[in-house]
Amino acid sequence: MENNKTVGVMGGLGPMATVYFYDMVVRMTDAKTDQEHIDMVVVNRATTPDRTDYIIGKSCENPIHILKKDAKRLEAFGSDFLVITCNTAHYFYNEIKESVNIPVLNIIEETVKFAKENNHKKLGILATTGNISTNLYQDMCKKYDIDYVVLDEKMQADIMSIIYDDIKSGKPANMNKFNNIVNYLKENGCDGTILGCTELSILKNDNNLDEDFYIDSLGILAMRTIEKCNKKVKRL
C-alpha cells in the first residue's frame with residue numbers, strides 16, 4: 001500500500017533494547033494481519049563505540065561517524081523517518097539529523113512531552129552518566145517547564161551498575177538498589193520517574209513496574225513510531 005511508511009531503526013545500542021523496541025512496536029500496533037503491521041529496517045550496530053565512555057572522556061572513540069553512516073544507509077534503503085533506540089546517543093542527535101534528509105524522532109523530547117501531557121510536575125531522571133552530564137533530559141524538562149531531580153554521585157553509580165553490570169551483561173537487575181533509588185526520588189517529591197536509558201525499559205518490563213509512575217522512554221518511542229506511521233496504538 002502506497003501510504004505505508006518504512007521506519008529506519010538505529011539499533012544495537014544495546015542489542016537487547018533494540019530487540020525489545022522491535023517487539024513493542026509489533027505488539028503495540030493494532031493490526032489484524034501481517035500486512036497491517038509496520039515496515040521496519042533495523043541496523044543492529046552492536047560494535048558502535050560506547051556513547052557514555054566517549055562523552056565523559058573515558059574513550060577517544062567517537063561514535064558519531066558510525067551513527068551518521070548508518071543513518072544515511074537507512075535513508076538510502078528507503079526509510080521515511082529514523083528512530084534511535086538509545087537515549088545517550090541523542091547527545092549526537094543534531095549531527096545525525098543534519099546528515100539525512102528525513103525526520104529523526106527524538107526520544108528525549110517525546111518522553112518529556114508525554115510526561116507533560118500526563119500532568120507530571122516533578123520527575124526523577126534515571127539515565128546514564130553520559131546522558132546526565134550533558135543535561136539531555138534536564139534541558140528538555142526546562143523547555144517543557146517540568147521540575148526534576150537527578151541522583152547524587154553514589155546513586156548515579158548504582159544506576160550505572162544496574163545498566164552495565166546487570167542488564168547489559170545479561171543478568172537480572174539488582175532491584176534492591178533500584179528500589180532504594182526510587183524511594184529517594186519519591187521522598188523528594190517526584191510524581192514520576194523517567195526511565196531514560198533503554199536498558200531500564202527492559203528492567204521495567206522484566207519486573208512489571210507500575211505504568212503510571214515509570215515513564216518508559218523506549219515504550220513512548222514505540223508508541224510515537226506507530227502513530228507517525230498512521231497506525232493505531234493497541235494498549236497492552
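Predicted model: local features only at pLDDT ≥ 70, side-chain atom pairs only at ≥ 80, totals over all residues.

Me: Why is Lys204 called buried?

Reply: Its relative accessible area is 8%. Buried means under 20%. So Lys204, at 8%, gets the label buried. Lys204 lies in helix H10, residues 198–206.

Me: Which residues does Lys204 touch, apart from those up to four places away in sequence?

Reply: Lys204 touches Leu195, Leu209, Glu211, Tyr214 and Asp216. Contact means heavy atoms within 4.5 Å.

Me: How far apart are Lys204 and Asp139?

Reply: In sequence, they are 65 residues apart. In space, the distance is 24 Å, C-alpha to C-alpha.

Me: Is Arg224 buried or exposed, and how do you know?

Reply: The value for Arg224 is 12% relative accessibility. The limit for buried is under 20%. Arg224 is therefore buried. Arg224 sits in helix H11, residues 217–228.

Me: What is Arg224 in contact with, leaving aside neighbours within four places in sequence?

Reply: Arg224 is in contact with Leu105, Glu110, Phe114 and Glu117.

Me: Why is Val26 called partly exposed?

Reply: Val26 has a relative accessible area of 33%. Buried is under 20% and exposed is over 50%, with partly exposed in between. At 33%, Val26 falls in between, so it is partly exposed. Val26 is found in helix H1, residues 15–28.

Me: What makes Tyr22, Val26 and Val42 a patch?

Reply: Together they form a nonpolar patch on the surface. Patch members need over 30% relative accessible area. Val26, at 33%, passes that cut-off. The accessible area of Tyr22, Val26 and Val42 together is about 230 Å².

Me: How do you know that strands E1 and E2 pair?

Reply: Pairing needs at least two bridges. E1, residues 6–11, and E2 have 6 bridges, in the parallel sense. So they count as a pair.

Me: What is the strand order in the open sheet of 3 strands?

Reply: The order is E2-E1-E3, with parallel pairing. E2 (39–44) and E3 (81–84) are the edge strands, as each pairs on one side only. On average, neighbouring strands are turned by 20° against each other, direction ignored. H1 packs on this sheet and touches E1, E2 and E3. The direction of H1 makes about 175° with that of E2.

Me: Where does helix H3 lie?

Reply: H3, residues 64–77, lies across E1, E2 and E3. It runs at about 160° to E1.

Me: What makes E4 a partner of both E5 and E6?

Reply: The threshold is at least two bridges. E4 and E5 (residues 147–149) have 3, in the parallel sense. E4 and E6 (residues 192–195) have 4, also parallel. Both counts reach the threshold, so E4 pairs with each. Gly124 stands opposite Val149 in E5, and Ile125 has Ile194 in E6 as its bridge partner.

Conventions:
Residues numbered from 1 in each chain as written. Heavy atoms only, no water. Patch = residues over 30% accessible without salt bridge, like charges linked within 9 Å, V, L, I, M, F, W, Y side chains within 5 Å. Areas by Shrake-Rupley, 256 points an atom, 1.4 Å probe, with all protein chains shown as cover. Salt bridge = Lys/Arg side-chain N within 4 Å of Asp/Glu carboxyl O. Helix = DSSP H or I, 4+ residues; strand = E, 2+ residues; numbered from the N terminus. Buried < 20%, exposed > 50% of the residue type's maximum accessible area, 1.4 Å probe, protein only. Axes fitted to C-alpha atoms, helices over the stretch in contact; angles between N-to-C directions.
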